[in-house]
Protein chains: 2
Amino acid sequence: MAKRKNAPGERISEAEHAVMEVLWDKNPISAAEVCDQVCAQRDWSIPTVKTLLSRLVQKEVVGTEPDGRKFLYRPLIARADYVGGESRRLVERLFGGRAAPLFAQLAESEALTEDDLAEIEALLREMRK
Amino acid sequence: MAKRKNAPGERISEAEHAVMEVLWDKNPISAAEVCDQVCAQRDWSIPTVKTLLSRLVQKEVVGTEPDGRKFLYRPLIARADYVGGESRRLVERLFGGRAAPLFAQLAESEALTEDDLAEIEALLREMRK
DNA sequence: ATTCTTCGATTACGTCTGTAGCCGAAACGA
DNA sequence: TCGTTTCGGCTACAGACGTAATCGAAGAAT
């Protein structure tokens, strides 16, 4: 009954997510390389990135492989899985599990561009077959 | 430096959100009444609910009005605003601000029911005019 | 008036999160 | 071989969060 854990399931925090994005973009890479990417956007220092990386390793969502004296990191979960999980969680929590109200909400708050609409229409048409 | 917050914006936590849901459903109500609702679902005790309420008051998202010797609480922000904000935040963080990929994601992870599809189609048709 | 009951307010405390410093071992340069 | 640089690993610490007990004042009951 609890929502606890599927295979990969340890919760990923906001800051950790930023690190994951970098890893999804390119991997495997070293801590320093991760910092190159992420320290540009969020104003972090190397130690911070290393802490986040080790927490992610602990949570078993990031794996390591030795590369000479250093380590290379790579994600152990697919971005699509993470993103899907977060999306479903939001729909669950805020819209009683129904996606339509989310859509309505986005529409109302003008978060939908003309392009979005067209794209969604296309997707719908495709799913209809 | 610490994290920023603007007028409406103090972050509402998961547990606090549960309390907000109760207040949105019925208000103004007393702490005890909030507990009646929320302690049924989450297994909390009165002190917990009161703590959450006072934190929400501090964050200025819940207001109080004296009712004899006790207080009645009511939300100061609309549910639609909160929900809209959270939705936009998710779309921003996970989909680069584009809603279409969210939709695709939900579709792929089978989070869309037949009803959802129909409803969304209807909404789309309506927006098309 | 004295006690019993209610509340809100204050305090507590372990965990998680954001952010970072320090240390020791390994690799490198001389 | 010896110091210097480079890493990963452990340690730290403040603020947020989840959860709750305790205190003190205002009312109610007798």
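Helices here are DSSP runs of H or I with at least four residues, and strands are runs of E with at least two, both numbered from the N terminus. What I am showing is a predicted model, in which local features need pLDDT of at least 70 and side-chain atom pairs count only at pLDDT 80 or more, whereas totals for chains, interfaces and linings use all residues. Residues are numbered from 1 along each chain as its sequence is written, chains are lettered from A and ligands numbered from 1 in the order in which they are written, and side-chain values use heavy atoms, with hydrogens and water left out.

Let me begin with chain A, which has six helices and two strands, arranged along the sequence as α-α-α-β-β-α-α-α.

Leu117(A) is buried, at a relative accessible area of 6%, where buried means under 20%, exposed over 50% and partly exposed in between, with a 1.4 Å probe and protein chains only. Leaving aside residues up to four places away in sequence, Leu117(A) touches Leu112(A) in its own chain and Leu124(B), Met127(B) and Arg128(B) in the other, contact meaning heavy atoms within 4.5 Å.

As for how the chains are related, a rotation of 180 degrees with 0.1 Å of shift along its axis superposes chain A on chain B, with an RMSD of 0.2 Å, by least squares on the C-alpha atoms of residues with pLDDT of at least 70 in both. That is the relation of a two-fold axis, and 100% of the contact residues of chain A recur in chain B.
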